[in-house]
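Take a look at the structure, then try each exercise before you read its solution.

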Amino acid sequence: MFPPSELDKLDAAGRIYWPPNGNMPAYKRYLDEMPGVPLQDIFTDIQPVMGKVQRLGYPTQKPEALLERIINASSNEGDMVLDPFCGCGTTVSVAERLKRRWLGIDITHLAITLVKKRLHDSFSPEELAPYEVIGEPADAKSAAALAEVNRHQFEWWALGLVDAAPAQDKKKGADKGVDGVLYFQEKDDGPYHKLIVQVKSGHVGAKEVRELEGTRRQEKAEIAALLTLKPPTRPMKEAAPADYYVSALFPDLSFPRLQILTIADLFAGKRLEYPRWVPPKTFKKAARRRKGPTDQERQGELL
């Protein structure tokens, strides 16, 4: 295939293989000089989200290894990564770990609550770069505006203020007096205690307070909370039972069985009253992460 002069040049360059048994010589080819096979879009070496380490309960959650590969293949440190449907924040969390700037967008306040919690669970305060949430209510007035536009989004947002998870899918009908729920413990190996939350954006009176107390008993919850936009009236306060949950570990500490808080109260820093010495079990906690190279990148450096 080559003239003798070209063959002599290839031989001088060490590109001709001479078999020891005198067979036909061959041209030496090196893989790093070959065009290779284009990167495929089907990855068979990445497993689906499995086990308790990553799974956060979000139906469309993707494995972190998949987002690591995509982000590493398409960006450098300091680049901007956009996920317009960020869900529970896998892209955002991985981008933060790989030292990229990021922008995550979602239409539900529940998703934004999950993303914020995931970031704070995954990174220490020293490692987590400052970020801004755009579109969340910043005061009682903007909270009322959200309630006017979408009552269900207002409920999900308000539940996030008290670390409560939605009690059920709003598409499936009435909530039966329970909008959110969280579970607290007094010690790590102790029993779980239920706290239910009801969110009201409209008129609330003593009747709703009495109904919530009945729901608390029916749900066998230790504490019930009513979150409202407007301050409670005197009849509402009087309708709340003078009953308390008494701590099993610290009998001197007690917490009202029925609590009424306004959105303005929550913005002012007031919190639900219940034993907080063990973090509440509301959402699944994301694994702790450190910024820097991924395990796959470290293996590549070793190789």
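Predicted model: local features only at pLDDT ≥ 70, side-chain atom pairs only at ≥ 80, totals over all residues.

Residues are numbered from 1 along each chain as its sequence is written, and side-chain values use heavy atoms, leaving out hydrogens and water.

**Exercise 1.** Find the distance between Asp 45 and Arg 69, and say which parts they tie together.

Step 1: recall that a salt bridge is a side-chain nitrogen of Lys or Arg within 4 Å of a carboxyl oxygen of Asp or Glu.
Step 2: the closest N and O atoms of Asp 45 and Arg 69 are 2.6 Å apart, and the two form a salt bridge.
Step 3: Asp 45 sits in the loop between β2 (26–27) and α2 (51–54) and Arg 69 in helix α3 (residues 64–74), so the pair links parts 24 residues apart in sequence. Helices (H or I, at least four residues) and strands (E, at least two) are DSSP runs, numbered from the N terminus.

**Exercise 2.** Where do Glu 211 and Lys 207 lie?

Step 1: both belong to helix α8 (residues 206–218), four residues apart, about one turn of the helix.

**Exercise 3.** Are Glu 238 and Arg 234 buried or exposed?

Step 1: buried means under 20% relative accessible area, exposed over 50%, and partly exposed in between (1.4 Å probe, protein chains only).
Step 2: both Glu 238 and Arg 234 are exposed.
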